[in-house]
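Subject: Handover of a structure and its findings

Dear colleague,

Please find the structure below for your records.

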Amino acid sequence: MRTRLYITLLASVCAVSAAAQTVTLDSCRNMALRNNKAIMMADRNIEGAGYQRKAAAAAYLPGIDFAATYMYNQHKIALLGEDAKLPTMSFDPATMSYKYNLVTNPATGEPVRDPATGSVIPSEVAVIPKEAMTFDIHNVVAGAITLTQPVYMGGAIRAMNEITKYAEQLAVSMRNSAVQDVVYAVDEAYWTVVSLKQKQKLAQSYASLLDSLQYNVNEMYKEGVATKSDCLGVDVKRNEARVALTKVTNGLSLARMALSQVCGVPVNTVFTLADEELSGPVSGPDPAETDMRGVYERRQDLASLRTGIKIFEQQEKVARAAMLPKLAVVAAWSFSNPNTINGFDKRFGGGFSVGATLQVPIWHWGGNLNKVKAARAATSAQRLQLEDAESMVELQVSQAQYRYEEARKTLDMTHSNLASADENLHNAQYGFKEGVLTSDDVTAAQTAWLQAHSEYIDAEIGLHLCRVYLSKVLGTMNY
């Protein structure tokens, strides 16, 4: 029982601590960057691209391989179908040459021929037994250790190394783009919470104003100064204010959950944001003059396209390498059992061998040439895609700049309207107390006050988002 109470108290303390935790915009960004799955996957892609680059560099070095095989054969191998009978020769001093030992006719001295085949009949033969030329190959084991050193592969190895290097750069650019997307999403969720928090306070203030107005109207009704219609009208406005407060409170809870989800923490985690108390105009430097060439250099998506062009150019070289000669040096130590190094021997035996291989493509019916043309066409398409993307970026920058200028001017106008709305509400409340104005005039002034403050909050948050979006499209975002 005591343990359960301790756990309950500990959980309560942790919950209060989590609820009291105050975080800044940078803290939310860092949490999101640490916990975002897309960025984690991008990191793994960069890691994999690094391994591929190392694997491509290994192609410059000699490769050492080992291969072995075992085979069982049903039959022995016999080089003779039967015993071989070979004719012999004797040296003739009279002619100083060797002559076959043949059976001759004593009367004529001519060689005697076989009536069946017509061939001469030797008088002496050397016999090679069939068993002497029969070898046991029931169990054969063979293997080799080979070393292959590429000398010239038509430039394919160098091109593949360049491709893997650019692929690693592409993975980094894609990660940077993902980081910018995450940062913008965090900023949007962060300022949405701040906006709804301010609107919640505004709705509470508006509801308090209507509560005071309802009390005053009810007192005036009791004195016979106001009508029942005045009371009902204020009640309707008060109920509408309560409904609006409930909606904005629920929206604030959902926005906090969305911020927690973007930051990669449990959605029930409650943060107290450092900027929840907006005070004064939005601070921050105005964007400098736009240099589109600098924008093109900083934009990560355009950097990815430029890297893609370099990859396609190297793929052209890989395709061209199929049309060029290839030279490699090969060394091997091979063994087998049985071996034939010194006759047929049923033991392991082997030896070294060194050589070179040369492959020269001669004619492939245009297949390799068409591969080169296809790679060249893909490179041209990638260049056109880069040009199209640059024109779209220029339009995007112009739109972001117009949106920023519009948001800044809107903030200035809404800020100037606040004083007018506050003074109008004060005059309406004073006139109502003096009996000059009606409750409808007061509710109208309160509604105008609510709208002016709500528009100011929207303008202030909008300028925050326009500034971060402009930094994103200009490529100046520092994350």
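This is a predicted model: local features need pLDDT of at least 70, side-chain atom pairs count only at pLDDT 80 or more; totals for chains, interfaces and linings use all residues.

Helices (H or I, at least four residues) and strands (E, at least two) are DSSP runs, numbered from the N terminus. Just after H8, Gly-435 has a positive phi of about 80°.

Residues are numbered from 1 along each chain as its sequence is written, and side-chain values use heavy atoms, with hydrogens and water left out.

The nonpolar core

A nonpolar core is a set of buried Ala, Val, Leu, Ile, Met, Phe, Trp, Tyr and Cys residues joined through side-chain atoms within 4.5 Å. Buried means under 20% relative accessible area, exposed means over 50%, and partly exposed lies in between (1.4 Å probe, protein chains only). The largest such core has 75 residues, of which Cys-28, Tyr-190, Leu-259 and Leu-273 touch the most other members. Among the helices that each supply at least two residues of this core are H2 (25–35), H4 (156–222), H5 (228–263) and H8 (367–433). The largest share, 19 residues, comes from H4.

Cys-28 also deserves a separate look. Leaving aside neighbours within four places in sequence, Cys-28 is in contact (heavy atoms within 4.5 Å) with Val-23, Val-186, Tyr-190, Leu-259 and Cys-263. A disulfide is a pair of cysteine sulfur atoms within 2.5 Å, and the count comes to 0. For Cys-28, the nearest cysteine sulfur is that of Cys-263, 4.2 Å away. Cys-28 is buried, at 0% relative accessible area, and Cys-263 is buried at 0% as well.

Aromatic rings

Rings of Phe, Tyr and Trp (its six-membered ring) pair if their centres lie within 6.5 Å; planes under 30 degrees apart count as stacked, over 60 as edge-to-face and the rest as tilted. The whole structure holds 8 aromatic pairs. Phe-91 and Tyr-98 have ring centres 5.4 Å apart and planes at 70°, so this pair is edge-to-face. Phe-91 is partly exposed at 41%, whereas Tyr-98 is exposed at 56%. Phe-135 and Phe-344 form a tilted pair, with 4.6 Å between centres and 40° between planes. This pair links distant parts of the chain, 209 residues apart: Phe-135 is in strand S8, and Phe-344 is in the loop between S11 and S12. One aromatic cluster is formed by Trp-333, Phe-335, Phe-348 and Phe-352.

A charge sits over a ring if NZ of Lys or CZ of Arg is within 6 Å of the ring centre and within 35 degrees of the ring normal. Lys-228 lies over the face of Tyr-221, 5.6 Å from the ring centre, and the charged end of Arg-403 sits over the ring of Tyr-469, 4.8 Å from its centre.

Backbone details

Most residues other than glycine have a negative phi, and most peptide bonds are trans. A cis peptide bond joins Asn-337 and Pro-338, with omega about 5°. Met-96, which is not a glycine, has a positive phi of about 55°, and Met-96 is exposed at 60% relative accessibility.
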